[in-house]
Amino acid sequence: SGADSVGKGTVVGVIDTGVDYTHPDLKDAMWVNQAEIAGNGIDDDSNGFVDDIHGWAWCDGSENPHIGDGDPMDEHGHGTHCSGTIAATANNQEGIAGVAFGRTKIMALKFLCGEDGRGYTADSIHAINYAVAMGATLTSNSYRSFGTSRAREEAIRKAEEANMLFVAAAGNDDLDTDVVMHYPSSSELDSVISVGAATKEGEKAWFSNYGLESVDVFAPGTTIFSTVPGGKYAKMQGTSMATPFVAGLAALLWSTDPAQSYRDIKHRILSTSEKMDSLEGLCVTGGQVNALKAVTCADCKWTPTEEPTAAPTEAPTQEPTTEEPSTP
């Protein structure tokens, strides 16, 4: 079964441009479908996907989820960068260490294809459904879609029923998403965590979307150094880069107690966020994630105590170097 093929530990489905699974800092952090024999052209585990060793690639918008191939290699760089933040191997004399290094595996779910990193909503739905079927713990979603989708909402809801979190980038438009929705991060399902980008000073990154009700928490999202294809490393910025910090933290927390529910993990992340005057009124928690507090908190349950007030933001002064791939 999918659950058996995952094995022990947490698994993060990175729904993105794919992953360079040969990268020295990621090759040992990749999820492996133990029930599939690589390269034999046979669907060994009878899940409808042939040779899906590290995940799958959907690139044509077909309604048939099995159209595609088992090579989710990243030709863009975005998904590899996000994956490094989550799970890059530590203590190997290579580059960086991921938030949940040694405690999670990356399932590569590619639906943003080509050098421009574009894809179809239908393929993002297939990726969510595959993650559920194959037993992923949560998904990291650093992309935007033009408008809502009932089918995608249903897929996220089914993932929620499977006790999965859906961590999503809030977007790079410097907009209040309480007013102008950003999908899929604006989904109102309880299992969604919408993530804004903060600077190293703990302020809202100029490009980051915000929302007193629609953005849950902020995380570092400027000049983030991580893995890119070809065994290399690069700095990128965006809410896309902030999202895997939260996904990695969720995986780390789940690894300490796999019996926790998605609500337990979400509440732990939100309740331990570092409240900051600079972020007050810009998100539900009024702060950014604090991994140390989240890991060490003995009994964390998040409950809002008062209605925060919205705060204004300054106009942008520069263009971001990296934006989220978009779906038509």
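Biologist: Is Tyr130 buried or exposed?

Modeller: This is a predicted model in which local features need pLDDT of at least 70, side-chain atom pairs count only at pLDDT 80 or more, and totals for chains, interfaces and linings use all residues. Residues are numbered from 1 along each chain as its sequence is written, and side-chain values use heavy atoms, without hydrogens and water. Because buried means under 20% relative accessible area, exposed over 50% and partly exposed in between (1.4 Å probe, protein chains only), Tyr130, at 2%, counts as buried.

Biologist: Which residue forms an edge-to-face aromatic pair with Tyr130?

Modeller: Eight aromatic pairs are counted, with ring centres within 6.5 Å (six-membered ring for Trp; planes under 30 degrees apart are stacked, over 60 edge-to-face, the rest tilted). In the pair with Tyr130, the centres lie 5.8 Å apart and the planes make 70°. The partner sits in the loop between β2 (55-57) and α2, 72 residues from Tyr130 in helix α3 (residues 121-133); elements are DSSP runs, helices (H or I) of at least four residues and strands (E) of at least two.

Biologist: At what angle do the axes of α2 and α5 cross?

Modeller: The axes, fitted to C-alpha atoms over the stretch in contact, are compared in N-to-C direction from 0 to 180 degrees. Contact (heavy atoms within 4.5 Å) involves His78, His81, Cys82, Thr85 and Ile86 of α2, and residues of α5 including Met241 and Phe245. The axes of α2 (residues 78-87) and α5 (residues 239-256) come within 8 Å and cross at roughly 35°.
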